[in-house]
Each structure stands twice: as C-alpha cells, then as structure tokens.
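Below are some notes on the model, for reading beside the coordinates.

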Amino acid sequence: FCGADDSVDPRLLRAISSQHDWVEWGVLFREAKAGEPRFASAEWLSRLARVNAERTMRLAAHLCAERVDEVLRGDPAFVRCLRKEVGFQRVQINATAANGCDVGAFADVKGARSCADALRRLMLSVPDVEFILQLNAETRALCLGLVEEPPTNLSFLHDDSMGFGICASSWPKPDASVPFGFAGGLSPKNIAEELLKMESVAGEHTLWVDMESSLRTKLSDGSDVFDVNKAMACVGQVISLGLKPDLNPTASVATGGGPEQKRQKA
C-alpha cells in the first residue's frame, strides 16, 4: 500500500501491521514534493522510525526523480540511510518519466548497459535490501541488462501503465527466474477479480501487488489523505479469497505490496 504520508499516524500503520504482518507500507521519496500528499515529510519519517524501533513493520521506499538518478549511478548512500535509520527492507526504483527521473540516462544501448551495471553494483553492496525495478516499455532495456545474471535481491514490478495507475487488460506471464509483482489501476473495487487473474498467470510462484492512487480520499475541506479504510478493504478481500497471510517462503501467491502468502490448502 503506497503513498503513506503525513495524513496518517504511523502508529495506526503499526497497529495494522501487528495484526496483518504480511502488509507492506510504501513511502514515496521525491525531495521537491516532501510533505505534500503522497510524499512524507522528514518529520513524519522520524516518527515512523520511532514507531518502527523494533523493526517489525514491512516498509518499502519508492524512489522517484533525483533519488532514482542517484541509484542509477550506483550511489548506495540514501538506501543505506533508509535501511539503518527507519528499517526499510525493500526499495522500489521508479525509473519512469512519470516519476520524474532522467530516462535519457538509459535511452540507448550504452546508457542502459551503464545504468544496469551501476544497479548491479549497488544491489551487491547492499545485500540486505531487496530492490524492485519497474518493468515496462520504458524500462525494458534497463531490466534486460540485469536479467541474464540477476542479483539475488532483485525483483521486477510489472506495471504496463508506467506509473500512471491504469489497469491492465491482462497480466503478463512473468519470467519466474526473478521474483515479481503487479501494479496498475488496482483498487478495493477490483482487487479480488484482478488477483484471480494474476494467480492464473503466476501459477505456483509468489507475487505481490502494489497500489497507490486508489487509496486516496479527498475530504470535505479539500484535504487529500491516505485512507487506511481502503487499505483494510483490500486486506479483507484477500483473506476472503482464501489468500490468508503466510510468510513461508514457499508460498505460491503474495499480495498487498510485498506480503508473501498462499492460497489456503498464502
């Protein structure tokens, strides 16, 4: 569930995590937007770090804009800081124009190879963090540079909408040699139907799903807030489908933005 920001108390997220430890909270990072809706402020991140002092929450940092450019150069400093100071276990690299990064850096074969090599070095230098790379038409050359000998902490997020939140007409059958998830237009209204479609292409392989825009609610005063009620509506549907949380690494299906679970027999 991505877009946790100053509109939600981190203690509420921790309370949900304590009951559903397969749920992962995604936090977007883009310096120019810090403190705006969807983008947490530094003060909120400090609160999250205190709430997560025991490192029991599943957290994913979703990097945008200049934070993507940094990792495409192989710079591990920000990732290491997030891991140490807050407890983020996963980092998603939103290397798309919609997310403000310099897509020209990997627009040709030479650039894609250079960025892929830098990412490989980065992943090997921070082995206790899982790195998620969006896989779509815009990033395909970048991803191909990593897939021949993929680092063990690499995952792909299939998002054909390239960050625009448009639901796919069908979900691709992924290359199971790299862990994978799906995103694009998912919401409390369609999550049950789309999960069943995903399961049909994923087979016995683990997957997760990611959503952001559909978790927002606009209040009467115009405030744009992260709505945990919508997140919980998705959690309820996942459980009703028989996709009960199970952190067993042999699980066949995962959902909720990082949880690993399998159909009852998560």
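**Notes on the predicted model**

1. The crossing of α1 and α2 is right-handed; a crossing counts as right-handed if the near helix is turned clockwise from the far one by less than a right angle, and left-handed if anticlockwise. Helices (H or I, at least four residues) and strands (E, at least two) are DSSP runs, numbered from the N terminus. Helix α1 covers residues 10-19 and helix α2 residues 42-51; they pack at about 35°, with axes 9 Å apart. Axes are lines fitted to C-alpha atoms, for helices over the stretch in contact, and angles run from 0 to 180 degrees between N-to-C directions.

2. On the α1 side, P10, R11, L13 and R14 meet W44, R47, L48 and V51 of α2, contact being heavy atoms within 4.5 Å. By class, this contact has five nonpolar, no polar and three charged residues (nonpolar: Ala, Val, Leu, Ile, Met, Phe, Trp, Tyr, Cys and Pro; charged: Asp, Glu, Lys and Arg; polar: the others, Gly among them).

3. This is a predicted model, in which local features need pLDDT of at least 70 and side-chain atom pairs count only at pLDDT 80 or more, while totals for chains, interfaces and linings use all residues. Residues are numbered from 1 along each chain as its sequence is written, and side-chain values use heavy atoms, with hydrogens and water left out.

4. Helix α5 (residues 109-125) packs against helix α6 (residues 140-147) at about 50°, with 8 Å between the axes. That angle makes α5 oblique to α6 (under 35 degrees is roughly parallel, over 145 roughly antiparallel, 65 to 115 roughly perpendicular, the rest oblique). Their crossing is right-handed. A112, C115, A116, L119, R120 and M123 of α5 meet A141, L142, G145 and L146 of α6; these divide into eight nonpolar, one polar and one charged.

5. Seven strands form an open parallel sheet, ordered β1-β2-β3-β4-β5-β6-β7; two strands pair if DSSP finds at least two bridges between them. β1 (24-29) and β7 (207-210) are at the edges with a single partner strand each, so one side of each lacks a neighbour in the sheet.

6. β2 (residues 58-63) and β3 (residues 90-93) pair over four bridges, and H62 stands opposite Q92 in β3. Helix α4 (residues 77-85) packs on the sheet, touching β1, β2, β3 and β4 (130-135).

7. Mean pLDDT (the predictor's confidence in each residue, from 0 to 100) is 90 for the protein chain. Over residues 249-266 pLDDT stays under 50. Where pLDDT is low, predicted coordinates should not be read in detail.
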